[in-house]
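This briefing sets out selected features of the structure shown below, grouped by topic for reference.

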Amino acid sequence: KIKKNNQLKYIYSVSNFEFYRFPGPATLHDIDYLKFQNKIVNFFNKFQLNFTYQSHPSTSIGIKKNPAEKFNLVKTNFEKHLHSNDIFVFDNTLSTTFWKAIYLKKPIILLKLFNVDERNPYNDRIKKRCAILSIKDLKYLDHYLENFNIFDSTEEAIIKSNIEDDFDLIF
């Protein structure tokens, strides 16, 4: 069982800002995405975890505009983390980094924004490989986080990272 004083490192990898975000079938403006990121960073930091915020290389915007960037910001060479024992935290499945982490059997906590098309052929794989917090409505984000047990989800992510499957990706 994962204890509250675990020494694991958490890497929160976020997407780039695109004026509007498309996490599934809904639209999320960059300002709202930025607010979401900061709530997630603050949530993780209240547990005094070894937490790193990974901004997208093309959209590091500065601490004054994005307070999340003050938390162990990783700006370059994210690939080195893919060969560590870190716990990866993603808020979408649209990034190359997410799929590399899946392929390399890394523990993943997915903060799944809204409903992703259930007919997506990869949904079963995502459920099989990730500890998931489904966030169906951002106005209730505080409620979702209050009921989210980071330690149980960490344990679930580690267990799911060891699941064998036959899915291959080519990079």
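How many bridges join S5 to S6? Three bridges join these two strands, which run parallel. The model is a predicted one.

- Five strands form an open sheet in the order S4-S1-S5-S6-S7, with parallel pairing.
- S4 and S7 stand at the edges with a single partner strand each, so one side of each has no neighbour in the sheet.
- On average, and with direction ignored, neighbouring strands of this sheet are turned by 20° against each other.
- Strands of a sheet pair through backbone hydrogen bonds, in either the parallel or the antiparallel sense.
- S1 is joined to S4 by five bridges, the two strands running parallel, and S1 pairs with S5 in the parallel sense over four bridges.
- Ile-11 stands opposite Thr-52 in S4 and also opposite Phe-88 in S5.
- Phe-88 in turn has Ile-108 as its bridge partner in S6.
- S6 and S7 run parallel and are joined by six bridges; the bridge partner of Leu-111 in S7 is Leu-133.

**Burial of the strands**

- In a regular strand the side chains alternate between the two faces of the sheet.
- S5 is covered on both faces: Ile-87 and Val-89 are buried on one side, and Phe-88 and Phe-90 are buried on the other.
- S4 is mostly covered, with four of its five residues buried.

**Helix H2**

- H2 comprises residues 96-103 and is mostly covered, six of its eight residues being buried.
- These buried residues are Thr-97, Phe-98, Trp-99, Lys-100, Ala-101 and Ile-102.
- The buried residues of H2 pack against the strands S1 (9-13), S5 (87-90), S6 (108-113) and S7 (130-135), and against helix H3 (123-129).
- Lys-105, which follows H2, has a positive phi, near 60°.

**Helix H5**

- H5 lies across S1, S5, S6 and S7 and runs at about 135° to S7.
- At 1.5 Å a residue, the twelve residues of H5 should span 16 Å, and this agrees with the 16 Å that separates its end C-alpha atoms.
- The N-terminal end of H5 is capped by Asn-149, a side-chain oxygen of which lies 2.9 Å from the backbone nitrogen of Phe-151.
- Buried in H5 are Ile-150, Phe-151, Ser-153, Thr-154, Ala-157, Lys-160 and Ser-161.
- The buried residues of H5 pack against the strands S1, S5, S6 and S7 and the helices H1 and H3.

**Aromatic pairs**

- Counting ring pairs with centres within 6.5 Å, the total comes to nine aromatic pairs.
- The rings of Phe-47 and Phe-151 form an edge-to-face pair, because their planes are at 90°, with the centres 5.6 Å apart.
- This pair links distant parts of the chain: Phe-47 is in the loop between helix H1 (30-45) and strand S4 (50-54), and Phe-151 is in H5 (residues 150-161), 104 residues apart.
- Phe-47 counts as partly exposed because its relative accessibility is 25%, whereas Phe-151, at 7%, counts as buried.
- The rings of Phe-98 and Trp-99 are also edge-to-face, because their planes are at 90°, with the centres 5.0 Å apart.
- Phe-98 counts as buried at 0% relative accessibility, and Trp-99 counts as buried at 15%.
- Ring pairs link Tyr-10, Phe-43, Phe-44, Phe-47, Phe-148 and Phe-151 into a cluster.

**The segment after H5**

- Which residues does Glu-164 touch, not counting residues up to four places away in sequence? They are Lys-105 and Lys-128.
- The C-alpha atoms of Glu-164 and Arg-129 are separated by 9.5 Å, the two residues being 35 residues apart along the chain.

How values were computed. Residues numbered from 1 in each chain as written. Predicted model: local features only at pLDDT ≥ 70, side-chain atom pairs only at ≥ 80, totals over all residues. Heavy atoms only, no water. Buried < 20%, exposed > 50% of the residue type's maximum accessible area, 1.4 Å probe, protein only. Contact = heavy atoms within 4.5 Å. Phe/Tyr/Trp six-rings, centres within 6.5 Å; stacked < 30°, edge-to-face > 60°. Pairing = 2+ DSSP bridges. Axes fitted to C-alpha atoms, helices over the stretch in contact; angles between N-to-C directions. Expected span 1.5 Å × (residues − 1). Polar contact = N/O pair within 3.5 Å; in protein donor to acceptor, adjacent residues only side chain to side chain.
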